[in-house]
Amino acid sequence: MTELAHFDFKGLVIILMSAVFVNNYVLSKFLGICPFLGVSKKLDQATGMSIAVIVVMLFATAVTWPIQYYLLNPNGMGYMQTIVFILVIAALVQLVEIALKKYVPSLHATLGVYLPLITTNCAVLGVTILNIDEQYDFVASMVNSLGSGLGFMLAMVLFAGVRSRIENCEAPEAFKGLPITLVAASIVSVSFFGFAGVIENLFS
Amino acid sequence: MNEIYYAIIAVSVIGVICAVLLAVASKVMAVKEDERFPAIRACLPGANCGACGYAGCDGYAKALVEDENVKTNLCIPGADAVSRQLSELLGVGFEDVVEQVAVIKCKGDCTVTSEKMDYYGMKSCAAARLLYGGMGKCTYGCIGLGDCAKVCPNNAICLENGIAHVDTRRCSGCGMCTKTCPNHLISLMSDVEKMLVTCSNTEKGASVRGKCSHGCIGCKKCARECPVGAITVENNLASIDYDKCTDCGHCAEICVTGCIMHEDFSGIHRVKAAE
């Protein structure tokens, strides 16, 4: 078994903060761009989608981390990670949706439409795989997943605001629609590079 | 070679476990849905306009399935055709839908009133209204930037001479524009009516006169001369009681500013039925 990195409370806070700001999944790692561009038109939809992503990321990590360390690694099948993770996450999201529909219909009404959308979303898969790559222990993995989800939410909410401003501007004909949105996304992304190094130095 | 077999078997087993779990979960945690729901939902137009008083078409379909007392004639855009289908599905008596159309209670276009400022802001009535009540002299009237036209699903609203007009022959009466207009100028009215007061200004006559030559000055001439007494003037504004009105058109002829219209407001359903 590979040596796991353990973290004290300060370390966990650093992981959380850097997942939100520095290693933001959408704006720095460019994962989960599809929902980022697709569902960021309205603020309420963007929040709904983000909450669904946070929930799924946490569930997915809670399930895939033990699978990696107690099932795949001991049997020398670490290379099957991607396939097994996709399979398990897809089944898990379906399970969560069924359970929500039965027990928490109100939550299902708000998150229901977004859950199937993120069944095999690359941001969710990315979080689970990167948790393994970074050799985080279970607690650190969960904290990193929470941070990544919050980072996704931050990016979505920020960009929903940017987009509502863009809608009211007269962009040149050639830039209307998706092009200007992509340009805006890249500028928001560049602005997030300003956070690089801030978090580590803040706590050092 | 064995390693490959192990991997294949392991993934297959995980897959089967997931499948069994999902199958069991979907049986155990199944939510009973009334089998009539999809059929009823399919009948409804799907505009989610809310004219029925429920939260979208899903909400209305759910209410119909769950409560027998909910009427089948509430979908105004769907009109008689939808009401008939719903009645058949639910096995209740068919009830006629009162077809409605949206009408704008302002005729203050650029020929009768003028602007008090040049406006270069956002092309939205809601935004323009925040700045001294819009660029028109009359703060009660149509701002003319077409918020209503943007939400109309049937393209029934056009902008002409600086104000919005409803082409009632295209209007399905969904009422989405009535909720959008920041001055609340648009209202739904039964499409069999022929008379309409096209002003919403409640200021005194002299003040209205100074702003718009088409506005209602509250002179009460129509109220005095109406043969059936259907018109009352309140807050310096004439209003027609459609229960009494006989569509004689006398008020439109004698109105000193010409703000009462006598027109055919037939909606899209009546026009289609006539064809």
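In this predicted model, the structure holds zero disulfides over all chains. A disulfide is a covalent bond between the sulfur atoms of two cysteines. For B:Cys245, the closest cysteine sulfur belongs to B:Cys251 and lies 6.4 Å away, which is too far for a bond, because a disulfide requires the two sulfur atoms to be within 2.5 Å. B:Cys245 itself counts as buried, since its relative accessibility is 17%, a value that falls under the limit of 20%.

The interface of chain B and chain A was examined next. Here 17 residues of chain B are in contact with 17 residues of chain A, and the area buried between the two chains comes to about 1,400 Å², with carbon and sulfur atoms giving 85% of it. B:Ile14, B:Leu22 and B:Met29 together supply 37% of the area that chain B buries against chain A, more than any other three residues. Across this interface the rule finds zero salt bridges, and it likewise finds zero residue pairs in polar contact when both residues are at pLDDT 80 or more. Sorted by class, the side of chain B that touches chain A comprises 13 nonpolar, two polar and two charged residues.

Within chain A, A:Asn144 is found in helix α7, which spans residues 138-167. With a relative accessible area of 8%, A:Asn144 is buried. Once residues up to four places away in sequence are set aside, A:Asn144 touches A:Ile15, A:Ala19, A:Asn131 and A:Tyr136. The C-alpha atom of A:Asn144 is separated by 9.4 Å from that of A:Thr128, a residue 16 residues apart from A:Asn144 along the chain.

Technical notes: Residues numbered from 1 in each chain as written. Chains lettered and ligands numbered in written order. Predicted model: local features only at pLDDT ≥ 70, side-chain atom pairs only at ≥ 80, totals over all residues. Heavy atoms only, no water. Contact = heavy atoms within 4.5 Å. Buried area = accessible area lost by both parts, 1.4 Å probe. Salt bridge = Lys/Arg side-chain N within 4 Å of Asp/Glu carboxyl O. Polar contact = N/O pair within 3.5 Å; in protein donor to acceptor, adjacent residues only side chain to side chain. Nonpolar A, V, L, I, M, F, W, Y, C, P; charged D, E, K, R; others polar. Buried < 20%, exposed > 50% of the residue type's maximum accessible area, 1.4 Å probe, protein only. Helix = DSSP H or I, 4+ residues; strand = E, 2+ residues; numbered from the N terminus.
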